[in-house]
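Subject: Structure handover

Hi,

I am passing this structure on to you. Please open it first, then read my notes below.

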Amino acid sequence: MKKLLIATRSKGKFPEIVSELNGLPFEFLNLNNVSELPSNFEVEEPAATLEGNAIIKAMILGKKTGFLTLAEDAGLEVDALDGRPGVYTARYAPGTDKDRYRKLLGELQGVPEEKRTARFRAVIAIYNPENDKIRTCEGIYDGKIALEPKGENGFGYDPVFYNVELGKTNAEMTMEEKNKVSHRGKALRKTKEILKQNFL
Ligand code: IMP
């Protein structure tokens, strides 16, 4: 079976990606089970845009391993912070996911519910080292930053990202529920079509 490298070490992202692409005739690899790469191999995210980072990651890892490679970069844009942290979401604060969302809640202290609008954006790049072709797509997910964290599921900022229609945070959803509405789920459904049309 053809191999598809999912260029992430994130324990939260990999299952979300695989569950959405399931059914396609690929063997899904992640960075932790590719013998072609040293176990500590990391790709920096030097670009000023999510798209730039996704493309760089997919190309470097695809060239290095020879596998068709999918890379994703995501960011959280908070309106009350003029779109920050955006492309710097992963590096917004040192420490754990919890440290980062606590800092966000701190920055938004005193901001009323109606002004706590935000969105997740995910850009996915697929790189084929056989013909040097790259394709990208995007998914956007609107919501609000909750007043306090809620729920145990998911990862990253999920406990503080509130879905107004469903009346709960991402961390209160099952993975299937989250994939239906999330930035990553939307980008992955486009990715699935791109893979079917171009790479199978
Ligand atoms: P990156 O795409 O791995 O660089 O992630 C960017 C940042 O956004 C990290 O801090 C992630 O934890 C966070 N993030 C990305 N996607 C999600 C999500 O679906 N839920 C919550 N946090 C996320």
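Predicted model: local features only at pLDDT ≥ 70, side-chain atom pairs only at ≥ 80, totals over all residues.

The ligand site

Start with the ligand. There are 16 residues around it, and the ones that come nearest are Lys13, Ala74, Asp158, Lys178 and Arg184.

Lysine 13 places a polar side-chain atom 2.7 Å from an oxygen atom of the ligand. Lysine 178 also faces a ligand oxygen atom, with a polar side-chain atom at 2.8 Å.

How much of the ligand does the protein bury? Taken alone, the ligand exposes 480 Å², and the protein buries 91% of that. The ligand takes up the space of the largest pocket.

Which elements give two or more residues to the shell around the ligand? They are strand S3, residues 68–78, and helix H5, residues 183–198. S3 gives the most, with three residues.

By residue type, the shell holds eight charged, five nonpolar and three polar residues. Lys13, Asp158, Lys178 and Arg184 are among the nearest residues, and lysine, aspartate and arginine count as charged.

The backbone

Proline 85 belongs to strand S4, which spans residues 85–86.

Aspartate 82 sits in the loop between S3 and S4. Its phi is positive, about 55 degrees, although aspartate 82 is not a glycine. Is aspartate 82 buried or exposed? It is exposed, because its relative accessible area is 75% and the cut-off for exposed is over 50%.

Aspartate 132 has a positive phi too, near 65 degrees, and is likewise a residue other than glycine. Where is aspartate 132 found? Look in the loop between strand S5 (117–128) and strand S6 (133–145). Aspartate 132 has a relative accessible area of 46%, so it counts as partly exposed.

Best wishes

How values were computed:
Residues numbered from 1 in each chain as written. Heavy atoms only, no water. Near = heavy atom within 4 Å. Polar contact = N/O pair within 3.5 Å; in protein donor to acceptor, adjacent residues only side chain to side chain. Areas by Shrake-Rupley, 256 points an atom, 1.4 Å probe, with all protein chains shown as cover. 1 Å grid on protein atoms, 1.4 Å probe; cavity = no way out; pocket = protein on both sides within 12 Å on 5 of 7 lines; lining within 4 Å. Sits in = over half its atoms within 2 Å of the grid points. Helix = DSSP H or I, 4+ residues; strand = E, 2+ residues; numbered from the N terminus. Buried < 20%, exposed > 50% of the residue type's maximum accessible area, 1.4 Å probe, protein only.
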